[in-house]
Amino acid sequence: MSNPVMERNPYFKAAPGRVNTPPVNRGNVGETSYDNDYSPYAAPSYQNQADAAYAGTAAPFSTAESMSYRDAMNKTAILLATAIISGVAAVVLFPPAALTSLAMICSLVAFVVGMVIAFKRIVPRGLAIAYAVLEGVTLGALTGFLELYIPGIAIQTILATTVIVGVTLALHYSGKVRTTARGLKFVLIAAIGGIIFSFLNMLLMMFTNFNIRTDITFLGMPLGVGLGILMILVAAYMLIADFEAVQVAVQNGAPREFAWTCAIGIVMTIFWIYLEVLRIIAILADNR
């Protein structure tokens, strides 16, 4: 598991080899191959049957109270729509001169909210929507500001992000690409390295006006382009891991309120992909 939102709850934990594998029904409703491993967290414990669940005598549960894959996808769509509307509103309601300050303020608040979310086992709906609004305003304001100097960057970034996410989902649903423990360790290290690099580069720009991403070239290309492509690949791999985690949560009988936890984990990764695409297009445009 690589997404911090999905790291802290046992509903997203699967034994090796069980990702993308349907549960084996042994004849009784709610009795699957996961019961023995996850009996302390079985769905009946969320239906006033906690004692029976923890005693290992969990009764069959109603599927109406369990999260479905569609629940998670619907909540994901709601959060993405919220972010898009918030981003458009930021560009329409605020003057161009205020967009960079707005993006910076909202990004800091979104970071704090994101940290709170990362330490919650179940993410409340209000907190998930608040994060989507803040990130939507941040990315919308940043995109709107860049649009003033690079006409067309907004539509290019949206289309590119849509294609990347679409291809990633197609690979996931086809079963041709699956995550592994070793692969997740690699992308986690790469993601942490990318965050540290961005922070150090920001400090360098503040005190020396030197930007490693654009001022250093490799094979005739700004270093930032190669790093951005690497981060997109890392984020795409993490997005596959997010959808695998949702699948596991559904198979483990997670309650319906878990859909918001699944959704916020997915949209965080999509926001990351969007930001990296936006950065790459801006670097390429500036290098012309």
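Me: Does T179 count as buried or exposed, and why?

Reply: Please keep in mind that this is a predicted model. A residue counts as buried when its relative accessible area is under 20%, and because T179 has a relative accessibility of 16%, T179 counts as buried. As for its place, T179 lies in the loop between helix 7 (153–174) and helix 8 (181–208).

Me: Which residues is T179 in contact with, leaving aside its neighbours within four places in sequence?

Reply: With those neighbours left aside, T179 is in contact with L184, Y237, I240, A241 and E244. To see how sequence and space can be compared, take I240, which is 61 residues from T179 in sequence, while the C-alpha atoms of the two are 7.1 Å apart in space. With E244, the side chain of T179 makes a polar contact, side chain to side chain, at 2.4 Å.

Me: Where is T157, and which residues does T157 touch?

Reply: T157 has its place in helix 7, and because its relative accessibility is 0%, T157 counts as buried. If residues up to four places away in sequence are not counted, T157 touches Y274, V277, L278 and I281.

Me: Now to pairs of helices: at what angle do the axes of helix 5 and helix 6 cross?

Reply: The axes of helix 5 (residues 99–118) and helix 6 (residues 125–149) cross at roughly 150° and come within 8 Å. Angles over 145 degrees count as roughly antiparallel, and therefore helix 5 is roughly antiparallel to helix 6. The crossing of these two helices is left-handed. Among the residues that make the contact are L99, A103 and V113 of helix 5, together with L127, Y131 and F145 of helix 6. Sorted by class, the residues of this contact are 16 nonpolar, five polar and one charged.

Me: How do helix 4 and helix 6 cross?

Reply: Here the axes of helix 4 (residues 69–93) and helix 6 come within 7 Å, and they cross at roughly 45°, so helix 4 and helix 6 are oblique to each other. Helix 4 passes helix 6 in a right-handed crossing. The contact includes L79, A83, S86 and G87 of helix 4, and A132, G136, G140 and G144 of helix 6.

Me: How many residues of each class does the contact of helix 4 with helix 6 have?

Reply: The contact of helix 4 with helix 6 has nine nonpolar and six polar residues, and no charged residues.

How values were computed
Residues are numbered from 1 along each chain as its sequence is written. This is a predicted model: local features need pLDDT of at least 70, side-chain atom pairs count only at pLDDT 80 or more; totals for chains, interfaces and linings use all residues. Side-chain values use heavy atoms; hydrogens and water are left out. Helices (H or I, at least four residues) and strands (E, at least two) are DSSP runs, numbered from the N terminus. Buried means under 20% relative accessible area, exposed over 50%, partly exposed in between (1.4 Å probe, protein chains only). Contact means heavy atoms within 4.5 Å. A polar contact is a pair of N or O atoms within 3.5 Å; within protein, one must be able to donate a hydrogen and the other to accept it, and residues adjacent in sequence count only if both atoms are side-chain atoms. Axes are lines fitted to C-alpha atoms, for helices over the stretch in contact, and angles run from 0 to 180 degrees between N-to-C directions. Angles under 35 degrees count as roughly parallel, over 145 as roughly antiparallel, 65 to 115 as roughly perpendicular and the rest as oblique. A crossing is left-handed if the near helix is turned anticlockwise from the far one by less than a right angle, and right-handed if clockwise. Ala, Val, Leu, Ile, Met, Phe, Trp, Tyr, Cys and Pro count as nonpolar, Asp, Glu, Lys and Arg as charged, and the others, Gly among them, as polar.
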